[in-house]
Amino acid sequence: MKEEKNHPSPLQSWFIWSSGGLFFLLGFFHRVAPAVLHRELTVDFSLSASSLGALTSLYYYSYTAMQIPTGLLADLWGPRRLLAFGLISTAISSAFFAISEELFWAGVARFLIGGSVAVAFVTTLKLSSHWLHPKRYAFATGMLLVAGMTGAVFAGYPLHQATILFGWRNVTLASALLALLMAVLVYVFVRDDPSEKGLKSYLDKKSSGQKEEKILKSLGRVFRFSNTWFLTIAPGGIVGAVLTFSGLWGGVPFLTEVYHLENATAATLCSLVMLAWALSGPIYSLVSERIQLRRMPYLIGTMISLISWSLVFLIPGWSLGVLSLLLFLAGFFSGGMILGFAQGKETLPLSLSGTVSGVINMGVLTGPMLLQPLVGFLLDSTKPTAHTSMEITVGFSFEDYRFAFLPVLIWLVLSVLALYLSQESYCKNKIFNETNSG
């Protein structure tokens with residue numbers, strides 16, 4: 001008679017989760033670092049507003065392109081090998097970016113960094129479904145947002161100070177060494193499923209496992225569900241607003257030019273937005289579980305975020321206190337986007353959990369991928385001559401920024417509409433006939 005297996009302890013489960021969470025933290029650090037390094041990058045590579053936006057957005061192009069392959073591979077091969085490979089690739093790409101002397105090679109490195117860190121989010125969600133109780137899935141997603149925002153905070157004021165002391169290239173090289181160390185730890189300690197350590201898994205493989213021969217069909221099945229489309233469109237506007245502002249244009253350039261703040265103060269306000277976003281993730285998750293709803297808190301939060309960003313982008317002259325409050329509200333109520341992953345998982349067949357997470361995360365990054373360079377292009381279009389070198393730090397008025405940020409607000413309106421049309425899951429996995437579903 002076989003001995004009854006126990007589920008992993010909370011300490012074991014969260015330790016496994018943290019391997020992906022730390023990688024996501026590092027990925028977010030690279031994602032928003034240009035907001036603080038925009039002057040250094042502009043000088044070193046002689047950039048205009050458009051070219052800086054293009055360089056930054058290369059991260060998002062590769063990151064977004066990798067989401068569907070990551071979801072498919074996470075379902076087929078398991079997350080451990082993907083995490084280790086992604087960390088090694090991140091280390092190499094970061095070092096390449098740090099030593100690049102020409103814009104072309106810096107762009108290649110930035111593109112490779114985005115593609116490398118792209119595996120962190122979906123593979124961590126995949127690990128969560130195996131190692132954590134299903135009731136903790138939404139909370140784990142919220143805590144993953146906390147990890148990401150922690151990386152964003154490190155890419156704010158701490159990065160600003162480290163760059164002054166050591167230079168941006170040395171700081172980037174240090175991040176490469178950290179990624180290499182993390183790869184070793186993942187390879188040694190992480191396993192795809194508790195059964196590999198003699199423990200009981202939280203995932204019923206009979207109900208959720210995919211056969212290899214069907215893996216390429218899962219993508220087509222995912223897009224047959226209307227919720228996939230709605231939950232992919234919605235986070236693009238939400239995250240696009242946060243990362244276009246705090247990740248590049250609104251943060252240091254907008255606050256220093258329009259509100260005449262010191263760089264350190266502007267970086268702190270950028271970190272405030274990210275901290276608010278981080279804090280809201282677990283809160284949204286706990287509230288969602290308590291009221292047994294995903295769509296409603298997600299929709300209400302997005303509407304408040306839209307109002308807050310509109311006040312920042314459309315009305316000038318706020319006092320520092322009011323501006324800080326508006327930015328905090330915009331960041332905090334953007335945290336509802338983490339509920340979209342649970343909502344998607346619960347309204348589609350369980351066999352598509354990795355794939356739908358990848359598709360939704362692709363939508364998350366499509367927003368900043370398109371909006372960051374678009375804002376730069378619109379800023380350049382407001383002036384008769386292109387801004388190059390250090391000229392990017394002067395010359396743009398509030399009216400210029402208001403015009404450039406309009407696409408951000410338009411996408412947020414689309415996000416509200418998409419969420420209104422989406423299907424509620426009531427925090428329960430919908431039962432499907434796996435043979436005929438989709």
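**Figure 1. Q292 sits in the loop between α14 and α15 (295-314).** The model shown here and in the other views is predicted. Phi of Q292 is near 60°. That value is positive, and Q292 is a residue other than glycine. Is Q292 buried, exposed or partly exposed? With a relative accessibility of 32%, Q292 counts as partly exposed, because the class lies between under 20% for buried and over 50% for exposed.

**Figure 2. Y426 lies in the segment after α20 (406-421).** This residue, too, is not glycine and has a positive phi. The value for Y426 is near 55°.

**Figure 3. Helix α8 (residues 157-166) has a buried side.** L159, H160 and T163 are the buried residues shown in α8. Why do they lie on the same side of α8? They cover an arc of only 105° around the axis, so they share one side of the helix. An α-helix has 3.6 residues a turn, so residues three or four places apart point the same way. I164, L165 and F166 are on the other side of α8, and they are exposed. Just after α8 comes G167, with a positive phi of about 90°.

**Figure 4. S13 is a buried residue of helix α1.** Helix α1 runs over residues 10-32. The relative accessible area of S13 is 3%, so S13 counts as buried. Which residues does S13 contact, beyond its neighbours within four places in sequence? They are P8, W131 and L132.

**Figure 5. P79 and K126 touch each other.** P79 belongs to helix α4 (residues 79-99). K126 belongs to helix α6 (residues 119-131). Both residues count as buried, because their relative accessibilities are 2% for P79 and 11% for K126. Residues up to four places away in sequence are left out of the contacts that follow. P79 touches T123, K126, L127 and D192. K126 is in contact with A74, D75, P79 and S353. How far is P79 from G107? The two are 28 residues apart along the chain, and their C-alpha atoms are separated by 28 Å.

**Figure 6. T244 is buried in helix α12 (residues 226-245).** Its relative accessible area is 1%. Which residues touch T244, not counting those up to four places away in sequence? They are V239, W249, G250, P368, L371, Q372, V375, F405 and V408. S397 is 153 residues from T244 along the chain. The C-alpha atoms of T244 and S397 are separated by 17 Å.

**Figure 7. V356 is found in helix α18 (residues 353-381).** Is V356 buried or exposed? At 2% relative accessibility, V356 counts as buried. Its contacts, leaving aside neighbours within four places in sequence, are V222, T228, G344, K345 and L348. V184 is 172 residues away from V356 in sequence. From C-alpha to C-alpha, V356 and V184 are 29 Å apart in space.

Figure 8. Along its principal axes, the C-alpha trace spans about 75 × 45 × 35 Å. How does the radius of gyration of the protein chain agree with that of a compact globule? With 438 residues, a compact globule would have a radius near 22 Å; the protein chain has 21 Å, which agrees. Buried residues make up 60% of the 438 residues. Among contacts between residues at least 6 apart in sequence, 85% join residues at least 24 apart. The accessible surface comes to about 17600 Å². Carbon and sulfur atoms account for 69% of that surface. The protein chain carries 29 positive and 23 negative charges. The mean positions of the positive and negative charges are 12 Å apart.

Technical notes:
Residues numbered from 1 in each chain as written. Predicted model: local features only at pLDDT ≥ 70, side-chain atom pairs only at ≥ 80, totals over all residues. Heavy atoms only, no water. Helix = DSSP H or I, 4+ residues; strand = E, 2+ residues; numbered from the N terminus. Buried < 20%, exposed > 50% of the residue type's maximum accessible area, 1.4 Å probe, protein only. Contact = heavy atoms within 4.5 Å. Rg over C-alpha atoms; globule rule 2.2 N^0.38 Å. Areas by Shrake-Rupley, 256 points an atom, 1.4 Å probe, with all protein chains shown as cover. Lys, Arg positive; Asp, Glu negative; His and termini not counted. Charge placed at Lys NZ, Arg CZ, Asp CG, Glu CD. Arc of directions from axis to C-beta.
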